[in-house]
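Good morning, everyone. Today I would like to walk you slowly through one structure, looking at where its parts meet, so please keep the picture in view while I talk.

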Amino acid sequence: MASVLEERREPAVAPSLSARSRRRSELTGPDRALGAALTVAGLIPTLALAFLAYQMVKEAYPAIIFNGWHFFTSKTFTIGNLYAPIQHKRGYAAPHGASYGVLPLLVGTLLSSVFALILAVPVSVAGAILLVEKLPQRIQGTLGIFLELLAGIPSVVFGLWGVYTFGPLLSRTVYKWVDSLGIPWLSGHTGAGEGLATASVVLAVMIIPIIASITRELVRSVPTVAKEGAVALGLTPSETVRYVTIPYVRTGIIAAAVLGWARALGETIAVLIISGNALNIYPHSIFAPFSTMAATIAAFLDSALTDPTGMAVHALAQVGLVLLAVTILTNFGGRLLTRRFADQALPVGRGV
Amino acid sequence: MRTRRAVTDRLFWGFCFLAFALIAAPSVSMLISVAHQAAPAVGWSLFSQTTKGIGIQNAILGTLLLLLGVLIVAGTIGVAAGVYLAEFASGRSEKVLRFFSEVLAGMPSIVIGYIGYITLVVQFHWGYSLLAAVIALSVLVMPYIVKTTEVALRQVPSVLREGAAGLGMPRYSTLGRILVPTALPAITSGLIVALAISTGELAPLLFTAGFSDHNPRLQLFHQQVPYLTNVIFTDLALPGKRPHATSAAAALVSLVILIVLIVAGRIVAGRARRNTARMSL
């Protein structure tokens, strides 16, 4: 009876088993060792991410308990009076008067990065299209150097340039003009050019090479046949770009914008130098000083370490955790968007 | 009607030219303003003296040492992980590992610096040290290397793999003799990009590398490492004209390192393009 069952079952199971054993026997000893070593290496980025996330949560945990919802409703971030008696709340100690509110930092991070994105996307896409569609091949390569140069310039240098050269220039010219229009929130004391507007423009310059270089590769990948078809139908070059190239690369541009956004969210040093480091207030105009989560962590860590209860350092970890969450959420959002647009993005038909 | 379309066309390309000018202008402006501010400090003393005097020799050596460390740590692991994702992993595990590597690429650099400080510097008692700095930088640039290696290997025509399998080559020699040599230029240009990023980073180093006025030593622990971006950042806050010029000179030197890396990358990438063009015939 058992043998009959065995026989009946065998054909169903045997092919996959034999296929697997055959593949295994093909692998020699060194192959298996190499495979094992590479598997370990392949796991390291994921392990590094897990370690970072675990340490972040562990570091932030006391602050999460201590702060409760106060963290997201308060606009005051202060490490408290280190000379006064220590206060206790929910089982954790913190200096008297300590208050950790992330709201203005969250607002500053989102505003500056979204402004940067709004400025950077059209400029990068138009620049990339010009580079590929209009300029001869020889110049393309040479001019492409600007993109690589911008991408590699240290963010400290961006900060210095923004605060000494570009900010004052903008303040003297563009900001004066915008201010004179008298639109609410778009007018105010422009100062020497430190603040939200300059930081957003400099962030835009920093993320342009990311978006532009990806767009450049995408535009290059548009099949010539489709463009030739458009030209044959009598479309002008700009109409070809609008009806053929842009729809073809739209998904990729969204993905590139999300990458650029992530960089703008996490940018630390340049923003630290240009923002004007306003604490505990919302920017009351587009020229007002402000601060972001990343810049605050860098600015505060030194003084936070003087807090004997250690709560200030934990609170900074919580700020970092929020920053991380925002970055990952934008990443997910970008993925969803690209998936949604993926079906619509093929009016030209791939593989024509 | 026809003229209106022609005008729209002109306007569109005019806008594109303007956009490209907006991309090119900042890098030119930055180069000029940095070179202008650095001019008083440029001289032989910049390279022969440390920051204790009026030079930045220690910072230059420190930055080069950090780059070497990143090349060893992130280079080895990143390339191996990229090879794994392109050639060995399959199905679900491949997707999951790639996704997490991409998430790691979006990790804010200050978060990496913070965790580096809390764990490596404080908890592990390494102090501000070379190893802590190299690991923080490596975590930052590893995802780029993984991605470029993976893409480079995927661009190798599958005909070559099939040919090798048909000849009965074991996988390790297929990899070592055929796939990696073919993809090597593209992998190298990925490594160069990673080095360029490392040259310009400050946030992850601020709390892991420390700084010292002495030349860096080949000591992994408890020895602070000077580096260029720190000189740019801190000397700027010092009073007087001299530190400002030194700060700008450090910026100029890191821009020169950057340009050297870009040119090297272009040469290598050009070779990569020729390689794949030859292979795909």
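Predicted model: local features only at pLDDT ≥ 70, side-chain atom pairs only at ≥ 80, totals over all residues.

Let me start at the interface of chain B and chain A, across which 9 residue pairs are in polar contact, both residues at pLDDT 80 or more; a polar contact is a pair of N or O atoms within 3.5 Å, where within protein one must be able to donate a hydrogen and the other to accept it, and residues adjacent in sequence count only if both atoms are side-chain atoms. On the side of chain B that touches chain A, helix α1 (residues 2–38) of chain B gives the most, with 22 residues, helices being DSSP runs of H or I with at least four residues, numbered from the N terminus. By class, that side of chain B divides into 54 nonpolar, 15 polar and 5 charged residues, where Ala, Val, Leu, Ile, Met, Phe, Trp, Tyr, Cys and Pro count as nonpolar, Asp, Glu, Lys and Arg as charged, and the others, Gly among them, as polar.

Residues are numbered from 1 along each chain as its sequence is written, chains are lettered from A and ligands numbered from 1 in the order in which they are written, and side-chain values use heavy atoms, with hydrogens and water left out.

How much area is buried between chain B and chain A? The value is about 6800 Å², of which carbon and sulfur atoms give 80%, and buried area here is the accessible area (1.4 Å probe) that two parts lose on being put together, summed over both. In chain B, Trp13(B), Ile23(B) and Tyr114(B) lose the most area to chain A, together 11% of what that side buries.

The rule also finds 3 salt bridges across this interface, each a side-chain nitrogen of Lys or Arg within 4 Å of a carboxyl oxygen of Asp or Glu. Glu239(A) and Arg5(B) meet through their side chains in a salt bridge, at 2.7 Å from N to O.

Finally, within chain A, is Lys227(A) buried or exposed? Lys227(A), which lies in helix α8 (residues 224–232), counts as buried because its relative accessibility is 17%, and buried means under 20% relative accessible area, with a 1.4 Å probe and protein chains only. Its side chain makes a polar contact with the side chain of Glu133(A), at 3.3 Å.

Key. Helix = DSSP H or I, 4+ residues; strand = E, 2+ residues; numbered from the N terminus. Buried < 20%, exposed > 50% of the residue type's maximum accessible area, 1.4 Å probe, protein only.
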